[in-house]
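Here is a quick tour of the chain on screen, going from the overall picture down to a handful of individual residues. Have the structure open and follow along.

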Amino acid sequence: MHAGRRGGNIKDPTMSTTQTDPTTLVNPLGDELRSTRTAKPCVLVIFGATGDLTKRKLVPSLMGLSKDGLLPPGFAVVGFARRPWSDESFRNELADGVRLFGRTDTVAAFDAVADAFSYHAADFADAEGYRDLKRKLDLIDQKRGTSGNRIFYLATPPSAYSSILSNLAASGLSNEQEGRFARIIVEKPFGHDLPTAEALNNQLREGFRERQVFRIDHYLGKETVQNILALRFANGIFEPLWNEKFVDHVQLTVAESIGVGSRGAYFEESGIIRDMIQNHLMQVLSLVAMEPPAALTADAVRDEKVKVLKAIRSFRPEDVDRATVRAQYASALFGGEEAKGYREETGVPAASTTETYAAVRLQVENWRWSGTPFYLRAGKRLARRVTEVAIQFKQPPLHLFEGGRPVQPNVLLLRIQPDEGVALRFGAKVPGPDMRIRDVRMDFRYGAAFGGESADAYERLLLDAMVGDGTLFARRDEVEEAWRIVDSIVSGWKQSARKPESYPAGTWGPEAADKLLGTCRTWRKP
Ligand code: BG6
């Protein structure tokens, strides 16, 4: 059983009584993953443990796992960071985080295991700090039965990765001996471009083998993203239509209503293309476009995903302006308040040209998709928060109704968040004497069907790293292929005379993005 919605009864609205049907509760990735769902005892060492990620996501997620009985019996966490905190101040900070960001009833779960959390103050570049860490971990093994298994989590700014990796390798902490495991989870951003991602991958390889490395992309931990695999490969009716013969185009939208907030300085370096498109959107795109894998194993799934990316050609600089649009949000009245423009955000230079919105037309050049464009868009300060994949089908060959006027095309909508679910849009006859057609929807909603409280994506991913299952993590070649595509866009932008467009905060982006779709297609307004 997967990490989310445990305990939620299956509600079938067509049945008069609530039933629990165990076959619908299985992990969407199937039996092979389910049979390995038991995490072995281990210590999780979090580098950069005083940061936001640990407090907001990692520890609340661990407590979600604990509440659901999914943490191994021998388990401990060591926070490794520079600040001179004590175990007690570390625990207090984490308790705060669990209270603010944890699922229901996780505060009690933290209280019960708080003494399994300890703090290790050291500089990331200081070899002595790692020798001390090793001694500490050996003691924890004796005290807490963690069996010599380690997971290292890089939750620091990427500038610290190199020091940490060389020290982990030099101290022998990355070695796996006598059936003990040593794994490393790497947070995004994974490099800044292809050369830096390759350099990071090469450095990882000095201490770890590929199967020890877990490159995190939290979108893959979302239930609805995993459900793309279930929808496509657990059902017989979609796959025959899932190709260029029937699909007119695909729209993938990740819209956020928030601005960059206090992350202006970080965002200046990344822009939306590196922050969202290189990782989250490319991952979702590969799940939507991939061929059925031979099995639901980590490598079989990732082999198919990487083939999708390989089938997308790098852009030539002269093609980038025609295939992409980039823009920045400008100040506007949004939600009853004056929202700042991007250039007015803290840490952002007044003349910044960094994009907070990007739309890209991609072509997957293979037999399945040749001729069917994929439109990707992501942006900050858009009208509302929504992530969705819309598969728009071709029109019927002959328009019989309403005087031969084309009806609305069928759309299969995968709603990733919020309001998670799947909807199918089709035309139906309006009751009455005329043969009029109107758009209606068949709608599946996760909340209504499964109930229960949804687990955070990090719960699933932390559990998978403990289990040793890399299916929902990006492999080296996936990350590098995604960078190859993104680098070609960024390089086209650098050479282009066209500056980023502007869009008022709270809208659906710049008008120029409409042109990207040509005259017969329009962006959905979710
Ligand atoms: C992160 C980005 O990876 O994803 C953020 O760095 C973004 O800029 C966030 O806000 C969005 O995640 P979610 O899960 O809220 O869609």
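This is a predicted model: local features need pLDDT of at least 70, side-chain atom pairs count only at pLDDT 80 or more; totals for chains, interfaces and linings use all residues.

Helices here are DSSP runs of H or I with at least four residues, strands are runs of E with at least two, and both are numbered from the N terminus.

**The whole chain**

Let's step back for a moment. The protein chain contains 15 helices and 17 strands. Its radius of gyration is 24 Å, which agrees with the value near 24 Å for a compact globule of 526 residues. Along the principal axes, the C-alpha atoms take up a box of roughly 80 × 60 × 50 Å.

How much of the chain is buried? Of its 526 residues, 55% count as buried. Among contacts with a separation of 6 or more, 77% are between residues 24 or more positions apart. As for charge, there are 71 positive and 68 negative side chains, and the centres of the two sets sit 2 Å apart.

**Some buried residues**

Back to Asp469. Its relative accessibility is 7%, so Asp469 counts as buried, the cut-off being under 20%. The Asp469 side chain makes a polar contact with the side chain of Thr471, at 2.6 Å.

Thr224 sits in helix 8 (residues 223-233) and is buried, with a relative accessible area of 7%. Which residues does Thr224 touch, leaving aside its neighbours within four places in sequence? The answer is Arg415, Ile416, Glu420, Gly421 and Tyr446. With Ile416 there is also a polar contact: a polar atom of the Thr224 side chain lies 2.8 Å from the backbone oxygen of Ile416.

Ser171 belongs to the loop between helix 6 (161-170) and strand 5 (182-186), and at 17% relative accessibility Ser171 is buried too. The Ser171 side chain reaches the backbone oxygen of Asn167 at 2.7 Å, and one of its polar atoms lies 3.2 Å from the backbone oxygen of Leu168. Setting aside neighbours within four places in sequence, Ser171 contacts Tyr130 and Lys134.

Ala449, in helix 12 (residues 446-450), is buried with a relative accessible area of 14%. Two pairs of residues show how sequence and space can part ways:

| Pair | Apart in sequence | C-alpha to C-alpha |
|---|---|---|
| Ser171 and Ala127 | 44 residues | 7.6 Å |
| Ala449 and Ser491 | 42 residues | 46 Å |

Where are the cis peptide bonds worth a look? One runs from Lys188 to Pro189, with omega near 0°; Pro189 is in the loop between strand 5 and helix 7 (194-207). Another runs from Gln417 to Pro418, with omega near -20°, and Pro418 falls in the loop between strand 14 (411-417) and strand 15 (421-429).

Positive phi values turn up as well, in residues other than glycine. Arg381 has phi near 55° and lies in the loop between strand 12 (373-379) and strand 13 (386-393). Glu402 has phi near 50°, and its place is the loop between strand 13 and strand 14. With a relative accessible area of 25%, Glu402 is partly exposed.

Conventions: Residues are numbered from 1 along each chain as its sequence is written. Side-chain values use heavy atoms; hydrogens and water are left out. The radius of gyration is taken over C-alpha atoms; the globule rule is 2.2 Å times the number of residues to the power 0.38. Buried means under 20% relative accessible area, exposed over 50%, partly exposed in between (1.4 Å probe, protein chains only). Contact means heavy atoms within 4.5 Å. Lys and Arg count as positive and Asp and Glu as negative; His and the chain ends are not counted. The place of a charge is taken as NZ of Lys, CZ of Arg, CG of Asp or CD of Glu. A polar contact is a pair of N or O atoms within 3.5 Å; within protein, one must be able to donate a hydrogen and the other to accept it, and residues adjacent in sequence count only if both atoms are side-chain atoms.
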